Each structure stands twice: as C-alpha cells, then as structure tokens.
Amino acid sequence: MIGRRVDSLAVQVELETAEPPAVAAEDVRVRRGGVEVLRGVSFALGTGRVVGLLGPSGCGKTTLMRALVGVQARVSGRLGVLGKPPGVPALRRQVGYMTQAPSVYADLTVRQNLTYFAAVRGVPHAELDGLLAKVDLGAEAHRRVDALSGGQRARVSLACALLGEPRLLVLDEPTVGLDPVLRKRLWGLFGELAAGGVTLIVSSHVMDEARHCDELLLMREGRVLAHDTPGALAARAGSHDLEDAFLALIESSSMPGASSVEDESPRDAGA
Amino acid sequence: MITIRQTLATTRRVLSQLRHDPRTIALVLVVPCVLMTTLRFVYQHKLRAFDAVGAPLLTVFPLATMFVVSSVALLRERTTGTLERLLTTPLSRLALLGGYALAFALLATLQAVLVSALALAVLGLSVAGPTAMVVVVCVAVAILGMGLGLLASAFAQTEFQVVQFFPAAIYPQMLLAGLLVPRQRMVGVLHAISDAMPLSYAVDAMHHLGRQTEVAGALWGDLAVVVAFAVASVALSAVTLRRRTA
C-alpha cells in the first residue's frame, strides 16, 4: 500500500516533467541506539518543488535529512537522491545541506567561512558577493560570525549550503529565529530557486510556514503521516488552518482500529 | 590536484582561525620559553646537567601543545556540525586532515624555532650536533603530537573527554622515554613498552645530538620512527573519521 502511494506520485512526477524523482524513499528505516527513529518512510518528490518537512520535534525530520545527504549510519530500505544512492561522491557537488545548528566557523568572518566552503566545493569566488546579497549579509561580510545575531548566523549557514548551485537543497529549520520580514524574503528565495529547477526540502516545526511549500510531508513518530499539497491537506481536515489540519490527522491516525493514514494517497500532490 | 587545493584551503582556514585567537598563539609560543628558562635556573649550579636534559626536554613541548590544540580543534568541528557539513561536500577526509597537519606543522615549526633559539643562544644550552637538527626533531615530534591528538578526538564526544586523553596518551611516554632514567637501565618490561612509544625515539635523537657532532644513521633512524608514527596516526584518524554516523 505504501508502494501504491509512491507509484501514484512517481507517475504524476513523470507525466509532468518526464524526469526521475529528485528524491525517492521506499520503506526507509533508521535505528539509533536501539530505537527505530524512522519506521518505514516512503515517498517520492518531484524536481523543482519546495517540500516542507513538518512534524513535532523528535519525529525523525533531522534523521531523514541526514539520511538524504548521506551522513546517517544504519539506513535500511531504498533511498534515491537525484537517481543515486545518497552520499556518493558524484552527489556531493549537487546537494547542499544546512544543519539545524548553524554549522559555520564562529571564529571566522562571514566571508572567510564562505571562501573556505567555496574552495571545498570548487566554487569560484566571484559567486560570493551575489550569494551574500541573496541572504542579505552583504554588510556583514567582514564581521566575525560569533559577533552576529542568531538569525544572521543561520543565514551564513544557509549561504554556505547554497554555494555551487546545488540541485537539491536539504535545509534543516532554516528560518528559525528570523524576523517575519526576513522569513518572507527567504521563502521568496526558496520559491525562486525551485522555479529554476532546484528541489528544496525544508524542515520546520512551525505549521504557519507550511503554506509557502508546494508539497508537505507531515511526519510523526518516525512515519510519514501525510504527503500532499497544503491546500489538499487543509481541505481533507476541513479546516483552513494547517495546524488544525495536522492535529486532526494525528488524532485520526492514533485512534485505535483506524486505518493508517499512510494508506492514503495524495490526491493532488502535483497540483 | 583538487585534493591539494582543498588541503591548502583547509590549512588557510585553520590558520585564519588561529590568527583570530591570539591568546592561544601566545600560550603556544610563550609557555615553552618560560618553562625552558625556568629549567635553566633550576640547574643554575649544575649547568652540565642542564645540557644533558635540556635538549631531550625540548621534545615534550611540541608533543603536548600540538596534542591539545589539534584534538580540541577537530573535536570542535565535530560538535559544531561543521565536520558533518564538510562530509557532505566533495572534500576528501585526507585533504581535511592534511590541511590540519600542514597548519599545525607551521605553528609547531614557529614554536620549535623560538624555543630552540632561546635555549641555544640565550640560555647557553650546548649540543654537539647541528642546531638545525634540534629544530627538525622538534617539528617531527610536533607532527606526531598533532597526529595523536587528531586520533584521540575520534574517541571523545566532548572537549572535557578529549583533554583527559592527554595524561593517558602523553604522560606514559614522558615517564618511559628516557627523560628521567636512561632507557637501557629500565627493567625489561618497561624497556619493551618504551620501545613501542614514539617519544622514546625523539628523546634518543636528542641524546644523540647532545653528545655527537656528526649526524649518523642512528639519528635518521630515530627520526624516521617518529615520522612513521606521526603518519600512521594521521592515516588512522582519517580511517576513524566516519562519513556516516549514528
């Protein structure tokens, strides 16, 4: 039944773009410290879409993202990223990853951070100024990262993930701690990137951000609860509010005897 | 080619980080000089003894400093997530560690030149062999200390833990390297253990330089053992640096 859902979306993706899915997961499981953190996750994501990965903290979002970029150990099931197994050398130029905590050097300046990660990724330095402007850090280029605010640090980290125009961006809570203006601007940037063919997987635990996404993967306790467009999810739960919709989904999934929501296939994921 | 560029970029980055931390640089450079000066005055009335212990003791500074600096630096990469990010990029693990090695070797050379120059020119330490070789041995020990530090960081989760590896990895070497008692006079078991420890060969090399004017094959042999241990520990830390972690 899980397979059916993957197929339906994969077919849709193929019809739309005639390309293999940017990400395809089939019964992906991860054990950490004797606990199954991902408990059979299956989905397929089309190219050039902003995919919101939502769910309460501890539901497995970060583990799934780590599996996608190839740094998670003990992953079972099938996982394909841009048609290849995650983490293979050929993918490391094509996948940009931003970890949850800003993983940049606090004792270097913004520009020194970007210069280093650009050298590592083989990106020409000419790209850096444009990138700094994109994340609105042009004025901070020569400041040390440990002198920046939390939101600015997060944007340095984001800029490092954007280096080299990756085809898949895996961003773990990129908008945490940002003010509404900046958050809006970044979601605008994500939309532009997607329009240019980049696939973005963006995690958040703020349901409010879900409406900016083309598709949503709702996760809970290591499983995908639903995979659909924001509109369809809200409609399914009979609510305009995505937070309410999510709560309704959780309730129906945890009711004894209720069939697993994993059986549902997205109705208009490609819309 | 790409690997070399990545290595040099990493070296430059590590050096920039060090430049932003003048206190660490000052401690790395000044502390050995202060200690060496103290030692000189401890032996105020036995200057021949200072000549005997001075050069071998020079090896302890780079070993200790580089162990601490490199183990904490790599551990910091682990805990701040920069290592995880780097492992998703085309950067090879050997280029990363090679970059570290080069940066710290530069710092170690500076330290070795400074403390050797002070000991030989100001404090009156006299060695029979060429003074340049004293610096070479110090640099080799520094790279060894760095390799051991990088390796130790693989077995620690926190900076607290990694610092505890210092007495575990360095003190036994200091006790058995022939600094206190000549290695030939140790009981069999301890002599055997001392034979298996890299610092022993560095101290042997310094003893050699202290007594003999000519650079003989034995000295090169000792130096080769130190370098081999250093290379092995860097290689081993590249192996223990897992791309995929739980």
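Tutor: Two strands pair if DSSP finds at least two bridges between them, and the strands themselves are DSSP runs (E, at least two residues), numbered from the N terminus, as are the helices (H or I, at least four residues). This is a predicted model, in which local features need pLDDT of at least 70 and side-chain atom pairs count only at pLDDT 80 or more, while totals for chains, interfaces and linings use all residues. Residues are numbered from 1 along each chain as its sequence is written, with chains lettered from A and ligands numbered from 1 in the order in which they are written.

With those terms in hand, the sheet in chain A can be described as an open one of three strands in the order 2-1-4, with antiparallel pairing. Strand 2 and strand 4 of chain A have a single partner strand each and stand at the edges, so one side of each is left without a neighbour in the sheet. From one strand to the next the twist averages 20°, where axes are lines fitted to C-alpha atoms (for helices, over the stretch in contact) and angles run from 0 to 180 degrees between N-to-C directions.

Consider next the pairings on which this order rests. Strand 1 (residues 23-32) of chain A runs antiparallel to strand 2 (residues 35-45) of chain A and is joined to strand 2 by eight bridges. These strands form a hairpin with two residues between them, and in the turn A:G33 has a positive phi of about 55°. Strand 1 of chain A is also antiparallel to strand 4 (residues 75-81) of chain A, to which six bridges join it. A:A25 shows how the sheet is put together across its strands, for its bridge partner in strand 2 of chain A is A:F43, while in strand 4 of chain A the residue opposite A:A25 is A:L79. A:A24, for its part, stands opposite A:G80 in strand 4 of chain A. In a regular strand the side chains alternate between the two faces of the sheet.

The rest of the chain gives the setting. Chain A comprises eight helices and nine strands, and of its 271 residues 49% are buried. Among its contacts between residues at least 6 apart in sequence, 68% join residues at least 24 apart, a contact being two C-beta atoms, placed from the backbone, within 7 Å. One residue beyond the sheet described above is A:I201, in strand 7 (residues 199-204) of chain A. A:I201 is buried, because 26 other C-beta atoms lie within 10 Å, the classes being buried at 20 or more such atoms, exposed at 12 or fewer, and partly exposed in between, with C-beta atoms placed from the backbone. Leaving aside residues up to four places away in sequence, A:I201 touches A:V51, A:L53, A:M65, A:L68, A:V170 and A:L171. The C-alpha atoms of A:I201 and A:Y97 are separated by 9.7 Å, although these residues are 104 residues apart along the chain.
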